[in-house]
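User: I'd like a close look at one part of this model. Here it is.

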Amino acid sequence: MGVDSPQPVRILVVDDDPGDVLMIEEALADSDVDKVIDVVSDGEEAMEFLRAEGRHEQARRPDVILLDLNMPRMDGRQVLGAVKQDEDLRTIPIVVLTTSNADTDIVGSYTLQANAYVTKPIDLDDFNDVVRRIDEFFGRVVVLPKRP
């Protein structure tokens, strides 16, 4: 992956808010980074996707995960903990992208080994800018681990 990546960057968006998902997808579509976007709406589905189980048995491993914290069934904190404790998944970079700016959520996410913590801006233009910067960073700047 990285600068001369011949394969598209695979992004898994884990968010239960359809409006936020739509804004994320639109912001990602605005960039010229070649990518594939998959979306799941809660933590249980995210783990199913990451483990290629159940209805997601054909899922491909993402290169980066955009993870909301506050979701039903299994929240983002639980997903973060589960992924970073899983030997097969722990190298996938996770960007927490959430509305919370609470110190406990920020510190807790980094304690669980989040790679970055970004608060969702309320303003649409700012939101688009933040998502595009994440996309640019993971799509062009960093070198991502090779998919197994």
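User: Is helix α2 (residues 43-50) mostly covered or mostly open, and how many of its eight residues are buried? Walk me through its surroundings too.

Analyst: Quick housekeeping: this is a predicted model, where local features need pLDDT of at least 70, side-chain atom pairs count only at pLDDT 80 or more, and totals for chains, interfaces and linings use all residues. Residues are numbered from 1 along each chain as its sequence is written, and side-chain values use heavy atoms, with hydrogens and water left out.

Now α2. Helix α2 is mostly covered, with six of its eight residues buried (buried means under 20% relative accessible area with a 1.4 Å probe, protein chains only). Those six are Gly43, Glu45, Ala46, Met47, Phe49 and Leu50. Helices here are DSSP runs of H or I with at least four residues, strands are runs of E with at least two, and both are numbered from the N terminus.

Both ends have something to show. At the N-terminal end, Asp42 caps α2, with a side-chain oxygen 2.9 Å from the backbone nitrogen of Glu44 (a polar contact is an N or O pair within 3.5 Å; within protein, one atom must be able to donate a hydrogen and the other to accept it, and residues adjacent in sequence count only if both atoms are side-chain atoms). Just after α2, Ala52 has a positive phi of about 50°.

What does the helix sit against? Its buried residues pack against β1, β2, β3 and α3, contact being heavy atoms within 4.5 Å. The strands among these belong to an open, parallel five-stranded sheet ordered β2-β1-β3-β4-β5, where two strands pair if DSSP finds at least two bridges between them. The edges are β2 (35-40) and β5 (116-119), each pairing on one side only.

Back at Leu50: among the contacts of Ile65, leaving aside neighbours within four places in sequence, are Leu50, Leu12, Val14 and Ile92. As for Leu67, its bridge partner in β4 is Val96.

Technical notes:
Buried < 20%, exposed > 50% of the residue type's maximum accessible area, 1.4 Å probe, protein only.
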